[in-house]
Amino acid sequence: VLLEVAVRAGLLDAVGQLDAAHGPQFLELGGEGLIDVGSVVTAHYDDEGPDDAERYLLGSIEERTGDDVHVVSPTSPMGEALMGKAVGDTVSFETPGGSQTVVITHVE
């Protein structure tokens, strides 16, 4: 949480001081598996099983790391629903075809 506050407040020097004082593991905050732009999320639709899970990059097509990753814009309904969530969370979002719900099983 401190890292997120520091970044939002523009206190990048404070982030460097936190890193120096506490080591890089201290800065893995949002890191407690919280989804943010750049995260690769493994999720499956709630009406399917974990074996049907797919990987989604929350970002832009230019950032895609492989063909097995679907790109989801952070400003899309699914992207907005995933932001700030973690493994085990179930999120719902609206699509032109109706409401969809996914279960998050892994965050990278």
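A salt bridge is a side-chain nitrogen of Lys or Arg within 4 Å of a carboxyl oxygen of Asp or Glu. Side chains of opposite charge can pair when their charged atoms come close. In this structure, Arg55 and Glu108 meet through their side chains in such a bridge, at 3.2 Å from N to O. The pair links distant parts of the chain, 53 residues apart: Arg55 sits in strand E2, and Glu108 in the segment after strand E5 (98-107).

The model is predicted: local features need pLDDT of at least 70, side-chain atom pairs count only at pLDDT 80 or more, and totals for chains, interfaces and linings use all residues. Residues are numbered from 1 along each chain as its sequence is written, and side-chain values use heavy atoms, with hydrogens and water left out.

Start with the overall plan. The protein has 3 helices and 5 strands. Both are DSSP runs numbered from the N terminus, with at least four residues for helices (H or I) and at least two for strands (E). Along the sequence, the pattern reads α-α-β-β-β-α-β-β. Of the 108 residues, 28% are buried. Buried means under 20% relative accessible area, exposed means over 50%, and partly exposed lies in between (1.4 Å probe, protein chains only). The accessible surface comes to about 6,700 Å², and carbon and sulfur atoms account for 53% of that surface. Areas come from the Shrake-Rupley method with a 1.4 Å probe; for residues, only the protein chains shown count as cover. Contact means heavy atoms within 4.5 Å. Among contacts between residues at least 6 apart in sequence, 36% join residues at least 24 apart.

Return to the charged pairs. The structure holds 2 salt bridges. Arg55 also bridges to Asp68, with the closest N and O atoms 2.8 Å apart. This pair too links distant parts of the chain, 13 residues apart: Arg55 in E2 (residues 54-58) and Asp68 in the loop between E2 and strand E3 (69-72). Arg55 counts as partly exposed because its relative accessibility is 22%. Asp68 is partly exposed at 48%. Glu108 is partly exposed at 48%. Shared partners join Arg55, Asp68 and Glu108 into one network of salt bridges.

Now the interior. In soluble globular proteins, nonpolar side chains tend to be buried together. A nonpolar core is a set of buried Ala, Val, Leu, Ile, Met, Phe, Trp, Tyr and Cys residues joined through side-chain atoms within 4.5 Å. The largest one here has 14 residues, and those with the most contacts inside it are Ile35, Val41, Met78, Leu82, Val91, Val102 and Ile104. E1, E2, helix H3 (77-82), strand E4 (90-95) and E5 each supply at least two residues of this core. Beyond four places in sequence, Val91 touches Ala81, Leu82, Lys85, Gln100, Thr101, Val102 and Ile104.

His44 belongs to strand E1 (residues 40-45). His44 counts as buried because its relative accessibility is 9%. The side chain of His44 reaches the backbone oxygen of Glu48 at 3.1 Å. Not counting residues up to four places away in sequence, His44 touches Gly49, Pro50, Asp52, Ala53, Thr101, Val102, Val103 and Thr105.

Finish in the loop between E2 and E3, where Gly59 lies. Gly59 is buried, since its relative accessible area is 9%. Gly59 and Val72 are 13 residues apart in sequence, with their C-alpha atoms 6.1 Å apart in space. Leaving aside neighbours within four places in sequence, Gly59 contacts Val71, Val72, Ser73 and Pro74.

Technical notes:
A polar contact is a pair of N or O atoms within 3.5 Å; within protein, one must be able to donate a hydrogen and the other to accept it, and residues adjacent in sequence count only if both atoms are side-chain atoms.
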